[in-house]
Amino acid sequence: MTARALINVPAKARRGEVIEIKTLIAHPMESGFRVGLNGALIPRDIITSFVATHNGEEIFRADFSPAIAANPFVTFHTVATATGTIAFTWTGDNGFAQTEEAPITVE
Amino acid sequence: VLKIDSARATPETLQAAIKNIVGEAPLRRGKVAIDVPPLVENGNTVPLTVSVESPMTAADHVKAIHVFNEKNPQPNVIGVKLSPRAGKAQFSTRIKLAAAQKVVAVAQLSDGSFWSADADVIVTIAACVEDLQ
């Protein structure tokens, strides 16, 4: 199953420009601390790690805890260095793993 | 119906979580700015931006930013790894807050120093531990 992801990367940037990247992925981020209708704890189901790479080089990494809101939203910055692909990988509980890519043209 | 949660983070667990990152190094106030609304209605999604004053050069940059809270079930919120490739030491996300409490951000710089800031948030509808009843 693929979660819906929204990614905002500028299509074009000048070399050396600091660009802002926004990402959001659909995920419940169930904290593991809530009690369900049957009185039992709802098991934890969160995304634990988010990594962004630019042409394979890591540019940003975040470790999430259960205190990150549902549908994790992250904004960060990077220096536009080269034309290519920015890839985003989310991994988490219950084998969750998803990668999305966005192209960028640097001139 | 409110559940009494003995596993809730306390100022002591917050201090322990910070010490876990900082170790014996001195933790200084400054350089770090937390942008979070002082009063939020819904603790399930609280916008948070953390920025650190830094030129982000190879010689002087922010290596990591950690965010902690005082009263959620666990003290850790998010840990972010940065490099000079970031260009700007800033990130934003949305967090859950289980009660009105203090949020603390700690930045680790490339020279090994640690800097922090904190912000108080009042929450009128809590998150994380509310039950589906």
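Tutor: Start inside chain B. This is a predicted model, and in it strand β5 of chain B, residues 62–69, pairs with β6(B). The two strands run antiparallel, and five bridges hold the pairing. One of the paired positions is B:His66, whose bridge partner in β6(B) is B:Gly79.

Strand β5 of chain A, residues 57–64, is joined to β6(B) by four bridges. This pairing is antiparallel. A:Asp63 has B:Gly79 as its bridge partner in β6(B). A:Phe64 stands opposite B:Ile78. Keep B:Gly79 in view: B:His66 of its own chain is bridged to B:Gly79, and so is A:Asp63 of the other chain. As background, side chains in a regular strand alternate between the two faces of the sheet.

Next comes the loop between β6 and β7 of chain B. B:Ser83 is found there. Leaving out residues up to four places away in sequence, B:Ser83 touches B:Met56, B:His61 and B:Val62. B:Val62 belongs to β5(B), which covers residues 62–69. B:Ala58 lies 25 residues from B:Ser83 along the chain, yet their C-alpha atoms are separated by 8.1 Å.

The loop also reaches chain A. B:Arg85 forms a salt bridge with A:Glu57, with 3.2 Å between the closest N and O atoms. B:Arg85 sits in the loop between β6 and β7 of chain B and A:Glu57 sits in strand β5 of chain A, so the pair joins two chains. Strand β5 of chain A is also the strand bridged to β6(B).

Step back to the interface as a whole. Between chain B and chain A there are two salt bridges. Over all chains the count of salt bridges is eight. Polar contacts link 17 residue pairs between chain B and chain A, both residues being at pLDDT 80 or more. On the side of chain B that touches chain A, β6 (76–81) and β7 (90–95) each supply at least two residues. The residues of that side divide into twelve nonpolar, eleven polar and eight charged. In contact terms, 31 residues of chain B meet 33 residues of chain A. The area buried between the two chains is about 2700 Å². Carbon and sulfur atoms give 53% of that area.

A word on the partner chain. Chain A has eight strands and zero helices. Its pattern along the sequence is β-β-β-β-β-β-β-β. Along the principal axes, the C-alpha atoms of chain A fill a box of roughly 60 × 25 × 20 Å.

Last, how much confidence does the predictor report? The model scores ipTM 0.93 and pTM 0.91. Chain B averages a pLDDT of 89, and 88% of the residues score at least 70. One stretch of chain B to read with care is residues 1–7, where pLDDT stays under 50. For that stretch the model has seven contacts beyond four places in sequence.

To gather the picture around β6(B): β5(B) pairs with β6(B) over five bridges, and β5 of chain A is joined to β6(B) by four.

Conventions. Residues are numbered from 1 along each chain as its sequence is written. Chains are lettered from A and ligands numbered from 1 in the order in which they are written. Side-chain values use heavy atoms; hydrogens and water are left out. Contact means heavy atoms within 4.5 Å. Buried area is the accessible area (1.4 Å probe) that two parts lose on being put together, summed over both. A salt bridge is a side-chain nitrogen of Lys or Arg within 4 Å of a carboxyl oxygen of Asp or Glu. A polar contact is a pair of N or O atoms within 3.5 Å; within protein, one must be able to donate a hydrogen and the other to accept it, and residues adjacent in sequence count only if both atoms are side-chain atoms. Ala, Val, Leu, Ile, Met, Phe, Trp, Tyr, Cys and Pro count as nonpolar, Asp, Glu, Lys and Arg as charged, and the others, Gly among them, as polar. Two strands pair if DSSP finds at least two bridges between them. pLDDT is the predictor's confidence in each residue, from 0 to 100.
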